[in-house]
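The following paragraphs lead through a single protein model, from its overall composition to two local sites. Please keep the sequence and the coordinates in view while reading.

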Amino acid sequence: MASPRTLLSCLLFLVIAEGWGQRAAVPGCHLHPFNVTVRSDRQGTCQGSHVAQACVGHCESSAFPSRYSVLVASGYRHNVTSVSRCCTISGLRKVKVQLQCGGARREELEIFTARACQCDMCRLSRF
């Protein structure tokens, strides 16, 4: 029979190895690829596709009763203080997408994709 130390080492290795295959289950904010189809106009005269990056995940948030000084300063209307952070694009980069037009004609178009992500202040619109 194996020693308790050997069994513990094997179990620890299995837990670590199992975690590497489950990136989506890891909390936080990270890059996530998705397919984009780009058209030159509404009729789709020229079009192409590209794998772009988005920021996906979750960040910490909390809510707690406001301190007495906040209650007094707000006229007793601000009784809950909340702090929240959202998964946000912290850096962009341009990528070129090759568009296939009728025949052998091609065009090139630049689009933005996320380069980096971070947990930051929540906003309705960042860019």
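A residue is termed buried under 20% relative accessible area, exposed over 50%, and partly exposed in between, with a 1.4 Å probe and protein chains only. By this criterion, 20% of the 127 residues of the protein chain are buried. The model is predicted, so local features need pLDDT of at least 70 and side-chain atom pairs count only at pLDDT 80 or more, while totals for chains, interfaces and linings use all residues. Residues are numbered from 1 along each chain as its sequence is written, and side-chain values use heavy atoms, without hydrogens and water.

Two helices and five strands make up the secondary structure of the protein chain, in the sequence order α-β-β-β-α-β-β. Here helices (H or I, at least four residues) and strands (E, at least two) are DSSP runs numbered from the N terminus. With contact meaning heavy atoms within 4.5 Å, 53% of the contacts between residues at least 6 apart in sequence join residues at least 24 apart.

The loop between strand E3 (61-65) and H2 contains Ser 66. This residue counts as buried because its relative accessibility is 9%. Beyond residues up to four places away in sequence, Ser 66 touches Leu 71, His 78, Asn 79, Val 80 and Thr 81. The side chains of Ser 66 and Thr 81 are also joined by a polar contact of 2.7 Å, that is, a pair of N or O atoms within 3.5 Å; within protein, one must be able to donate a hydrogen and the other to accept it, and residues adjacent in sequence count only if both atoms are side-chain atoms.

Val 72 lies in helix H2 (residues 68-73) and counts as partly exposed because its relative accessibility is 43%.
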